[in-house]
Amino acid sequence: MTVQGSENSSRRGRRSRTIGAMPTNDMPWWRWRSNVRSALHMLSDQEFQRECWLAGREEYGDVTDAVYRLVEDTWLDNWSAEKYVGTIFRDSQEAALVDSAVLRVLRIMHEVGPDAAVAAYLDHPGWPEAVRAARDAHVRLATGDNDDPDSAPRTLEVLRILTRSA
């Protein structure tokens, strides 16, 4: 974690801490943003899904865990991400991309069921479209946070440590 001096770190443009390159106080609800970003990152990477989810690597959770992080605090399964512009999302374009990804992923989850095997999601005919939508949202959010969208997803433990420690 990097500390950059500022007595009044709540002012826009002033950053006191970062998670990776993402400033923790840049967005008021940055912990929620971190969870949404983590979920979108995993949902947007088919290679990761094959190597981690299909392989059963527990440190990354599974598809259901990612969907839960996506909608857990935000309730994006009940209302638009537009509601969070200025708190979780920087602008309406970020919100629209997140909404698109959420709708596609949730449609598949409702069709295959939340307890389905990972392969049921990955083999669903709508999965490539959901992955593309998640990728578009992930890239936009990561770029907005000055992060590399092509870096590997963080484990759930690393995500917990980063959001707990900042």
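Predicted model: local features only at pLDDT ≥ 70, side-chain atom pairs only at ≥ 80, totals over all residues.
User: What is the phi of Trp 75, and where does Trp 75 lie?

Analyst: Trp 75 also has a positive phi, near 60°, although this residue is not glycine. The loop between α3 and α4 holds Trp 75. Trp 75 counts as partly exposed because its relative accessibility is 45%.

User: How many helices and strands does the chain have, and in what order do they run?

Analyst: The chain has seven helices and two strands. Read from the N terminus, the order is β-β-α-α-α-α-α-α-α. Of the 166 residues, 44% count as buried. As for contacts with a separation of 6 or more, 62% join residues 24 or more positions apart.

User: Which residues of helix α3 are buried?

Analyst: The general idea comes from helix geometry: an α-helix has 3.6 residues a turn, so residues three or four places apart point the same way. In α3 (residues 63-71), the buried residues are Val 63, Ala 66, Val 67, Arg 69, Leu 70 and Val 71.

User: Which residue caps the N-terminal end of α3?

Analyst: That residue is Asp 62, with a side-chain oxygen 3.0 Å from the backbone nitrogen of Thr 64.

User: Which residues touch the most other members of the largest nonpolar core?

Analyst: The core holds 38 residues, and those touching the most other members are Leu 40, Leu 43, Trp 53, Phe 89, Val 98 and Trp 127. Two or more residues come from each of α1 (30-43), α2, α3, α4 (92-112), α5 (118-122) and α6 (127-144). Helix α4 makes the greatest contribution to this core, with eight residues.

User: With which residues is Trp 53 in contact, beyond its neighbours within four places in sequence?

Analyst: Trp 53 is in contact with Met 42, Leu 43, Phe 48, Tyr 60, Gly 61, Asp 62, Val 63, Ala 66, Val 118 and Trp 127. This list includes Asp 62, the residue that caps α3.

User: Why does Gln 49 count as buried?

Analyst: Gln 49 counts as buried because its relative accessibility is 1%, and the cut-off for this class is under 20%. Gln 49 lies in helix α2.

User: What polar contact does the side chain of Gln 49 make?

Analyst: The partner is the side chain of Trp 127, at 2.9 Å. Beyond its neighbours within four places in sequence, Gln 49 is in contact with residues including Met 42, Leu 43, Leu 122 and Val 131.

User: Which residues lie nearest the centre of the second largest pocket?

Analyst: Among the 14 lining residues, Asp 45, Phe 48, Ser 151, Ala 152 and Pro 153 lie nearest the centre. The pocket has about 160 Å³ of space. Helix α2 (residues 46-54) gives the most to the lining, with four residues.

User: What is the make-up of this lining by class?

Analyst: The lining of the second largest pocket has six nonpolar, three polar and five charged residues.

Definitions and conventions
Residues numbered from 1 in each chain as written. Heavy atoms only, no water. Buried < 20%, exposed > 50% of the residue type's maximum accessible area, 1.4 Å probe, protein only. Polar contact = N/O pair within 3.5 Å; in protein donor to acceptor, adjacent residues only side chain to side chain. 1 Å grid on protein atoms, 1.4 Å probe; cavity = no way out; pocket = protein on both sides within 12 Å on 5 of 7 lines; lining within 4 Å. Points joined across faces, edges and corners; volume = space filled by probe spheres on them. Nonpolar A, V, L, I, M, F, W, Y, C, P; charged D, E, K, R; others polar. Core = buried A, V, L, I, M, F, W, Y, C linked by side-chain atoms within 4.5 Å. Contact = heavy atoms within 4.5 Å.
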